[in-house]
Amino acid sequence: MIRPLILAALCLAQPAMAQEATRSFGPEAATARLVLRTTTDIAILAPTVEAFVAAHPGQAVDFEQWGSNDLYDLTRRDCLAGRRGADIVISSGVHQMVKLVNDGCATAWRSAATLALPPELRWRDEIWGVTREPAVMVYNRDLVPPGEVPLSRFDLLDLLRPADTPYAGKVATYDIEASGLGYLFAFMDSQEATTFGALMEAFARTGAVATCCSAEIIAGVASGDYLIAYNVLGSYAATAAAANPALGVVIANDYALILSRAAILPPGAAVDSAGAFLEFLLSDPGRRTLERTNLISTAASPDAEDDVASGGRRVLIGLGLPLLIALDQAKTRQFIARWREAFEN
Amino acid sequence: MRVLLVEDALDLADATRSRLRKSGVACDHAMTLAEARDFLAVQGYDVVILDISLPDGSGTDLLREMRQAGHTMPVLMLTAQFSVENKLSAFSFGADDYLVKPFDQRELEARLHVLHRRKDSDRAGEIRIGALSFDPLAGVASVDGARLDLTRREFALLGILMRHKGQVHSKDHLLEGLYSFDDAVVGANAIELYVARLRKKIAGSGVSIRTLRGRGYVLDADG
Amino acid sequence: MADAAAPRPTMSLSARMLVGLGGLLAIGGVLLALAAYGYGRAAARDAFDRLLVGAASSIATSVSVVDGAPVVDIPVSAFDLLALAPEDRVGYLVTGPGGMVLTGYPELAEAITRPGPEPALFDGRFTGEPARIIRYTRRFAERSFSGQVDVVIAQTMRARDQLAWNITRNALMVLAIAGVAVLVLSVLVIRSALGPLDRIAARLEARDPQDLTPIDMALPREIGVMVGALNGFMGRLDRQLGTMQRLISDTAHQLRTPVAALRAQADLAGGEDDPDRLRQIVGRIHRRSVSLGRLLDQMLSRAMVIHRIDAARREVVDLRDIALELVESADHKLVAPDAVVRLEIGDAPVLARADALSLGEAAKNLMFNALTHGEAPITVGASARDDAVTLWVEDAGAGPSEAVRDQLGDRFLRNAVSRGTSAGLGLSIAKSVAEAFGGSLEMTPRPDGFRIAMVFPAEPPQ
């Protein structure tokens, strides 16, 4: 009774959505086609998909890249409408994925590989964390003196404290209204430590910039528009830093959020193909391709003691019920209201 | 009278034969069942005296054969067996009378004559009520042809009751009927016991003896 | 014992016990399993209901009034609590006055209106799965806001089912272990309980075949009953064996004398030419043989009576019947053809608990004694007196001699036997029978004769 109403409301409320990019892997005349929808850039995940297709002849993968909010909405609408959409969805908006699972929009899959995951990275055998990516700070090596490179959130606060700080207006972070991932990081920060309040206050005071998308932020740091970017997804940062020596990456040593992108198999998915892909992601060859593209960060592993900037706690964003709160309407309203207060002045 | 004596004790048989011959009874003697069968095959007898244990089998087997073959001649069994149960079972084999060894020759003779008379009786005086028949001349009462083992007084009492079927007989009246037995005085109280015994013995014959309290007894067919 | 008939084997006691116990355990197990499952479900329900209450109350507590409107700030702790059921999905809804949705899953709105005590817990469904639902209401009465806020939480049942199953399974495992233990123990108990039987069997096997003495062993009471019966049986066997042996020895004694007499007379007859003397000798031989036949009867009668005393069932007997039977029996005519035997009985039953056949034999012996040695008239009777009943034979003579009376009960009656008479044997039979049925033999001289009576305790009429 209530679903069609919701569906109608969603249809009306949502602006037209479009995938950001698509690409097909594997033979054109493949017997099995797998629709993969993900927030991950095609370029970054391509080696992994290619390796998968190579290992599974006759299997093609239709790769669709989406923004995290759009991807959530689309998957949710497919689910409510009982329509077959993607066969596997991998999103950095893990709270959104958890909500899909909680709302019964996921199919179970059980194997030795999924059971081998740590309990925080699987829930109900319907959602699995497939990557390990720390949230990092990126800075411009040329413009930020080595002595001022912030190694922790306290360092960042210290940089912003002086009234005439040169970092005023030069610190960027995700716009949490535009980026599901940004919202998630901010939300987790607010749960994790009191520094978040101080950080918000400092951002507000110094006119920090909230903007969309990892690539945009990193490009801004590289170009010198921003000196420091806060809470950037480590995989993109590491990839960009490898290409551009001007970029420095810091994993905060007070604590570091670790994101593990969540995969789900929506209802109606071609479970065999999707399951095979999931198995591949969790297998050793799959993990090696993910490591090569920094989707599995060695620095993000809890025992990565040798990392230069490490030393702090690793806070793995666990896949489970508590993440539901991140999507609670009231919570979201309050959180965003607070955010706006900080940035809209 | 012609009698067949089947007995394997030669001295006993000889003595018995001599005794019977003196009384004018013709007596053939068989030592075994086989010999007895031979005799029976060629000669008719008025009475057969049959010992139970014989060298080639039991006298009861021969008795059963005879009855099956339709021989109706009276059979008097001799038994050395002691217990009462065995005495009674002689009748169930179809014997007409029995004697327990050792027996008195005079007794044997008397019994033979009774059996012989019984065989010759014309049954004119026979009374039948239900399955119960009473033959005063032969001195036999039977139910469905099976002879009842009655003492003489029981027999006499049954006779009185059957002859006057439906009439009430007081104890004293019945006792009078037993006056002929002058060898003993049993008293009126014994009548009750006799009636009880008779009831037991004629059970299942379709005839019953009822007690009318304070008045006496009456015999009636059931139903 | 190799040639003894093997007992028909029926199901062994151990097997019976095991089958019975197994059946009992199976039925009990099923019942207990059902009970355990029921308990497990109830326990799981209670445990997780408490989580639901905790989570709902913590959410309700987080509601505050801001600018005259209720505002929810769902605490993470509420969901941490719910996450204790790690595999379960959760739906929640917080509504303000009039069912206005503050946050959560609008599809749970139905639960708001459901009647029930607070907090209301009930079974329902959440997105296609069975779920346990709680409605928790918090009422505000503040200056700026007055009304109620309802918190609804629906939680799927995986953890509950799992806990219920775990409890059941653990209970079943304990049950199974206990069941096996009971079976093993019962086998051991049966073994040990049946141990005495093996010992008895071994003891009996080892016995001398002639040894009929009671088995004397320390035994459990239950088996003691059986061994008691066995001992009783062996006792009877022993007595009968004794009877047989005595009978054989008596027979030897008592038969040899008359047979010797017969033989001597026959020898004498063989050498005698005088017809008168010869007739005299034959007469003696005849008397001897008649008396020998009588003696034989009595000895067999005694053997039978002794056998029956042990073997026959006691029943209620009307002594008048025995007396009548006795008068009826035509046998006495052979002994004393001219004797008159009277019957003297009353009109009331004279009841004793005894064996009719044994009584008949005993009474017959008394009557023959009277006929042979007493004087006519002979009276046979049955009468009651006080709490005793008597079956008696009376004659007009003076009774047996003092010598015979003194020897009463002495089975060795050489004197009587050698005389060719057997009064003593008859008396001894009557005495044995009387005593076997709890009575005694009484001899009473009377004004007009002598009475011998078997006296028994009276049996009350039924």
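A residue is classed as buried if 20 or more other C-beta atoms lie within 10 Å of its own, as exposed if 12 or fewer do, and as partly exposed in between, the C-beta atoms being placed from the backbone. By this criterion C:Pro119 counts as partly exposed, because it has 17 C-beta neighbours inside 10 Å. The structure is a predicted model, in which local features need pLDDT of at least 70 and side-chain atom pairs count only at pLDDT 80 or more, while totals for chains, interfaces and linings use all residues. Residues are numbered from 1 along each chain as its sequence is written, and chains are lettered from A and ligands numbered from 1 in the order in which they are written.

Helices (H or I, at least four residues) and strands (E, at least two) are DSSP runs, numbered from the N terminus. C:Pro119 occupies the loop between α3 (110-113) and β5 (120-126) of chain C. Two residues are taken to be in contact if their C-beta atoms, placed from the backbone, lie within 7 Å. When neighbours within four places in sequence are left aside, the contacts of C:Pro119 are C:Val53, C:Ala56, C:Ile134, C:Arg135 and C:Tyr136. A distance of 7.0 Å separates the C-alpha atom of C:Pro119 from that of C:Thr137, 18 residues apart along the chain.

Chain A contains 13 helices and 14 strands, and 48% of its 345 residues count as buried. Of the contacts in chain A between residues at least 6 apart in sequence, 81% join residues at least 24 apart. Strands pair if DSSP finds at least two bridges between them. In chain A, seven strands form an open sheet of mixed pairing, in the order β1-β3-β2-β4-β13-β6-β5. Because β1 (21-25) and β5 (122-123) of chain A each have a single partner strand, they stand at the edges, and one side of each is left without a neighbour in the sheet. Within chain A, β2 (residues 32-38) pairs with β3 (residues 59-65) in the parallel sense over seven bridges; A:Arg37 has A:Glu64, in β3(A), as its bridge partner.

Helix axes are lines fitted to C-alpha atoms over the stretch in contact, and angles run from 0 to 180 degrees between N-to-C directions. Helix α4 (residues 94-102) of chain A lies across β4 (88-91), β5, β6 (127-129) and β13 (262-264) of chain A, at about 30° to β13(A). Helix α11 (residues 271-282) of chain A lies across β2, β3, β4, β6 and β13 of chain A, at about 60° to β2(A).

In chain B, the UniProt record (unreviewed entry) places the feature "modified residue: 4-aspartylphosphate" at B:Asp51; such annotations may be inferred rather than shown by experiment. B:Asp51 lies in strand β3 (residues 47-51) of chain B and is buried, because 24 other C-beta atoms are within 10 Å. Apart from neighbours within four places in sequence, B:Asp51 is in contact with B:Val6, B:Glu7, B:Asp8, B:Gly59 and B:Leu78.

Contacts also join the chains. Between chains A and C, 16 residues from chain A and 19 residues from chain C take part. Helix α13 (residues 329-343) of chain A gives the most to the side of chain A that touches chain C, with four residues. That side of chain A comprises six nonpolar, six polar and four charged residues, where Ala, Val, Leu, Ile, Met, Phe, Trp, Tyr, Cys and Pro count as nonpolar, Asp, Glu, Lys and Arg as charged, and the others, Gly among them, as polar.
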